[in-house]
Amino acid sequence: MLIIYSGLSLGGIETFWVRLAKQRFLEGQNTKIILYTPLKFGNYNKELLQQLAEYAEVYYFNDIFSKLKLNWRFYFFHELKLEKLHNIVNDCSQIHVADAFSGLLANKILYELKLSKPITFGVYHTKEFTWGASEKLPYFEQVNRRFVFELNPNDNLLCYSKTTKETIEKKIGFRLENAKTFRLGVIEKPIEKVKVFSLNSTIKICAIGRLTSFKTYNFWMPKVIKELKEKGLNVTFDIYGSGECESDIKRIVSEYPDYISLQPAFNYSEFSKIVSNYDLFIGSGTAIIEAASLGIPSIIGIESIEEPLSYGFFSEFADYEYHVLGLPFKLKPVVDIIYEFCLSDCKAKEKLSIEHKRESKFFLMSTCSYNFESMQIINTPKIKFNPLFYTLSRLFFYKKIGYLGKTIYNDF
């Protein structure tokens, strides 16, 4: 298997690449990954890179391009190192990507190598493929949609929750009868130890992850904690992370210095040790699954929601794309969810902890790895488009909305 992706910062998709490569390594399978953003321009995480290099063959921008034409971002115009790429790609059963642009780059490589391989698209977030109004999409995104949903067989589309396929079909109108549905791999080994709760102790809550605008719970949780304190509850809240919104969150946190703190990001390997010290977790993505696997009751942090509302605990909605706004479930005030948890007895808290551990077991890495290898996929044909128009359209759009080099759907 070959993975093509932009870079390796600290995030849910990036940690998944490391876990998948490790699982495949333990199973005796080879994994290769091309990270195509130049090292000096990408926000690479050194710890993740070191871990990835232990389990996979890692290639970078300079490994695949021999001669640059125009700016480095004009990928479709650079001269490829065809002999080296042939050695990388030839024995791979599939090329896996998490976004359309990476898929197009994979398509270019296959075409120039005169090889035919399946390109599989993992839907790690439905908005990656469904943002914006279809009648107003810029040229580059029109090409993306045509490539992913019309040209590439939908046998090669991987959906990681039972609602993902239905959401895409509803949003953009493409039928995806043959798209695969299986759970994302997150947990390497189930932890059987039961979380112990103490009566009348401080309820410690945490959130962990990149500090971005769409993780809105980091912005409104301080007010929720303040309201709980005013109700007489002994609660604290720690936010771990860094990112483009760090200064904004630091300013908010500074208003509540006695019971809310902003902590620096930590190495991924320390996740279990740190999170195990908390009674509650709030978040999204893969972090909430990892917290649940430790037996930490975890409140779903719906992305981009402006009000302090949630569907509830992860254990109740693990089958769905739980962090997406618009699921057909009643939203509850987060202050009420935490209040009820705090007033519950130790037995009820332990029961909730066990339910979270039970649901997290459906996200085993070994099962996910097996699904990648056993599924039936189809070779991807070549797509024709205007590469100059595509590149200019994409770069202009990124710059216009202020997200150059970041995910473009955060504000949609």
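E373 is partly exposed, having a relative accessible area of 36%, where buried stands for under 20% relative accessible area, exposed for over 50% and partly exposed for what lies in between (1.4 Å probe, protein chains only). The model is a predicted one, in which local features need pLDDT of at least 70 and side-chain atom pairs count only at pLDDT 80 or more, while totals for chains, interfaces and linings use all residues. Residues are numbered from 1 along each chain as its sequence is written, and side-chain values use heavy atoms, with hydrogens and water left out.

In the chain, E373 belongs to helix α16, residues 365-374; helices (H or I, at least four residues) and strands (E, at least two) are DSSP runs numbered from the N terminus. Once its neighbours within four places in sequence are set aside, E373 is in contact (heavy atoms within 4.5 Å) with R24 and Q29. I34, by comparison, lies 339 residues from E373 in sequence and 19 Å from it in space, C-alpha to C-alpha.

## The pair R24 and E373

The side chains of R24 and E373 form a salt bridge at 2.6 Å, N to O, the term meaning a side-chain nitrogen of Lys or Arg within 4 Å of a carboxyl oxygen of Asp or Glu. Because R24 sits in helix α1 (residues 12-26) and E373 in helix α16, this pair ties together parts that are 349 residues apart in sequence.

## Other salt bridges

The structure holds 13 salt bridges, among them one between the side chains of K84 and D63 at 3.1 Å, N to O. K84 lies in helix α4 (residues 82-89) and D63 in helix α3 (residues 61-64), so the pair ties together parts 21 residues apart in sequence. K84 is partly exposed, with a relative accessible area of 33%, while D63 counts as buried at 18% relative accessibility.

R210 forms a salt bridge with E244, and the closest N and O atoms are 3.8 Å apart. This pair links distant parts of the chain, 34 residues apart, with R210 in the loop between β10 (203-208) and α9 (217-230) and E244 in the loop between β11 (235-240) and α10 (246-253). Both partners are partly exposed, R210 with a relative accessible area of 30% and E244 at 34% relative accessibility. Elsewhere, E169, R175 and E177 are linked in a network of salt bridges.

## The second largest pocket

The second largest pocket holds about 460 Å³ of space. Its lining consists of 21 residues, of which T167, K171, V324, L325 and G326 lie nearest the centre. On a 1 Å grid over the protein atoms alone, a pocket is an open set of points with protein on both sides within 12 Å along at least five of seven lines, and lining residues have an atom within 4 Å of a point; grid points are joined across faces, edges and corners, and the volume is the space filled by probe spheres (1.4 Å probe) set on the points.

The elements that give two or more residues to this lining are α6 (127-130) and α8 (164-172), and α8 gives the most, with 4 residues. By residue class, the lining divides into 8 nonpolar, 8 polar and 5 charged, where Ala, Val, Leu, Ile, Met, Phe, Trp, Tyr, Cys and Pro count as nonpolar, Asp, Glu, Lys and Arg as charged, and the others, Gly among them, as polar.
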